[in-house]
Amino acid sequence: MSTPSPHPSFHLAQINVGTLKEPLDQPSMSGFTDLLDPINALADRSPGFVWRLAEEGESDATKMRPFGTEVLVNLSVWETVQSLWDFTYRTEHLELLRQRRDWFHRFSGAHLALWWIPAGTVPTPEEGGRRLETLRAKGPGPDAFTLRDPFDPPATPQFSHP
């Protein structure tokens with residue numbers, strides 16, 4: 001696992017997508033929808049959390065469908081790979097992962113991509129979609145990678161003073 005970034009000028013962006021088995025208003029989806037607010041609140045207060053996508057005036061991004069009417073998108077920014085990994089696998093979020101097949105179809109190809117962004121910038125779903133395509137086409141690399149195959153942040157440019 002990658003160690004915390006020695007480059008605070010970069011943050012980690014992540015996108016993951018899932019294709020719904022049923023519309024969110026169906027009773028079969030209540031296990032997922034009931035967890036949305038608590039898991040988002042947990043992310044918001046997790047160490048290393050920076051930002052997550054939410055539709056204006058909403059607490060989440062479930063109404064945003066940039067990749068199709070049945071595809072949910074999760075887009076967030078974290079300080080380090082380790083902070084995202086800790087949230088994903090060392091909190092109640094893990095139970096949501098264990099149950100994901102109840103609510104989402106198995107995705108063929110990459111459904112999650114990570115990449116480094118300059119601190120203070122906000123990624124877009126479109127950029128995330130391009131990163132997913134890069135990961136699918138080329139496999140893990142510095143432009144798009146996974147928690148299993150992380151890459152370090154880019155080297156911080158060295159500035160010389162005149």
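Select helix 2 first: its buried residues (buried: under 20% relative accessible area with a 1.4 Å probe, protein chains only) are covered by elements including strand 1 (10–19), helix 1 (30–44), strand 3 (71–78), helix 3 (93–103) and strand 4 (112–118). Helices (H or I, at least four residues) and strands (E, at least two) are DSSP runs, numbered from the N terminus. This is a predicted model, in which local features need pLDDT of at least 70 and side-chain atom pairs count only at pLDDT 80 or more, while totals for chains, interfaces and linings use all residues. Residues are numbered from 1 along each chain as its sequence is written, and side-chain values use heavy atoms, with hydrogens and water left out.

Within helix 2 (residues 81–89), highlight Val81, Gln82, Ser83, Leu84, Phe87 and Thr88, which are buried.

Then select Leu12 and Phe32. Of the 23 residues in the largest nonpolar core, these two touch the most other members; such a core is a set of buried Ala, Val, Leu, Ile, Met, Phe, Trp, Tyr and Cys residues joined through side-chain atoms within 4.5 Å. Helix 1 gives the most to this core, with 5 residues.

Finally, centre on Leu12: beyond its neighbours within four places in sequence, its contacts include Trp78, Leu84, Leu114 and Phe145.

Methods: Buried means under 20% relative accessible area, exposed over 50%, partly exposed in between (1.4 Å probe, protein chains only). Contact means heavy atoms within 4.5 Å.
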